[in-house]
Amino acid sequence: MKISDKLAAKQTFSFEIFPPKGELPLEKAYEVAGSLAAHKPDWISVTYSAGGSGNSENTVDIAEAIEKRLGTTSLAHLTCMGATAADVDRYAGRLEAAGVQNILALRGDRRPDRDVVDFEHASDLIAYLRQAHPDFCIGAACYPEGHVESPTEESDFEALYKKQEEGADYLVSQLFFSNEDFYRFREKCLRHRIKLPIVVGIMPFTSVKQIQRMAFNCGASIPAKVVKRLVQAGDDPQSQAQAGIEYACEQLCDLAANGVDGLHVYSMNKPSIADAAASALASCGYLDE
């Protein structure tokens, strides 16, 4: 089923899984996906790593297994940095053959060893998919605190509007730690004529080092209330992780209550995070468990 149809009908709830590379066997990834599917999410997204990371080929296999083994809608990521149109056609063809109807179209990270080939921006990929593979439901990324490479807020919204005009069906947000940042972003989207449904992406912080990486790589600001949670957790890794999961669950309940279009949990291949998120939303009355 297309995610756009789900979003038109209800406030959605979904998870993300990333394919195995190195120490995570493919069968283990299927096991993790099964744990996520047990909560009956509206979909499970599967990330894609290009540029020789070794796990992009597994994206289709896992997405197909989610659809056929688990009976859950899957969303396959696709990054276009360094890709040719032929690369995209091959990948899209595999998804079509696997019965996967949903793609999240992303640019991907810039790297010195990866030159732009046929797609400079995610909007270019969206335009190509809409023309060459029109049956796909296409999602796109958005950044409540602005993309780290955007020189101005205005340019950020111009890029987002272009994704909409090129054929994106909905948006999925980058992680954030202040819901107020998202609510301001949602209002600004309307002022910039962006009318697509916006699924909010929430990732629990699990350690001081992890949240520092998030802030640097994603440009996510760290509110004082998050810093206080970490200080209260002390140096114990388990306490830090628990503080992050509890904070994310509070975010999710508040977002659900404020009528966001969808809730997407970056569960980092940890079923315990998915369990906590689903339990929190059930206790808040926004999810049947």
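Predicted model: local features only at pLDDT ≥ 70, side-chain atom pairs only at ≥ 80, totals over all residues.

Student: Okay, and what stands opposite Ala105 in β5?

Tutor: That's Ala140.

Student: How many strands close into the barrel, and in what order?

Tutor: There are 8 strands, and they close up in the order β1-β2-β3-β4-β5-β6-β7-β8, with parallel pairing. On average, neighbouring strands of this sheet are turned by 30 degrees against each other, if you ignore direction.

Student: Which strands does helix α2 touch?

Tutor: Helix α2 (residues 26-37) packs on the sheet and touches β1 (12-17) and β2 (43-46). The direction of α2 makes about 165 degrees with that of β1.

Student: Switching topic: which residues touch the most other members of the largest nonpolar core?

Tutor: Phe13, Ile17, Phe177, Phe182, Leu255 and Leu263 do, out of 93 residues in that core. Helix α10 (residues 237-257) gives the most to this core, with 8 residues.

Student: Let's stay with Phe13. Buried or exposed?

Tutor: Phe13 counts as buried, because its relative accessibility is 4%. Leaving aside neighbours within four places in sequence, its contacts include Pro41, Trp43, Leu263 and Leu287.

Student: How many aromatic pairs are there in the whole structure?

Tutor: A search finds 10. Phe13 and Phe15 form an edge-to-face pair, 4.9 Å centre to centre with 70 degrees between the planes. Phe15 is buried too, at 0% relative accessibility.

Student: Where do Phe177 and Phe205 lie?

Tutor: Phe177 is in the loop between β6 (170-173) and α7 (179-191), while Phe205 is in the loop between β7 (198-202) and α8 (208-218), so the pair ties together parts that are 28 residues apart in sequence. Phe177 is buried, with a relative accessible area of 0%, and Phe205 is buried with 0% as well.

Student: Which residues form the aromatic cluster?

Tutor: Phe157, Phe176, Phe182, Tyr183 and Phe185 form one. Phe182 also came up among the core residues that touch the most other members.

Student: Last one: what lies over the face of Tyr30?

Tutor: Arg69 does, at 4.1 Å from the ring centre. In another spot, the charged end of Arg193 sits over the ring of Tyr161, 4.3 Å from its centre.

Terms used: Residues numbered from 1 in each chain as written. Heavy atoms only, no water. Core = buried A, V, L, I, M, F, W, Y, C linked by side-chain atoms within 4.5 Å. Buried < 20%, exposed > 50% of the residue type's maximum accessible area, 1.4 Å probe, protein only. Helix = DSSP H or I, 4+ residues; strand = E, 2+ residues; numbered from the N terminus. Contact = heavy atoms within 4.5 Å. Phe/Tyr/Trp six-rings, centres within 6.5 Å; stacked < 30°, edge-to-face > 60°. Lys NZ or Arg CZ within 6 Å of the ring centre and 35° of its normal. Pairing = 2+ DSSP bridges. Axes fitted to C-alpha atoms, helices over the stretch in contact; angles between N-to-C directions.
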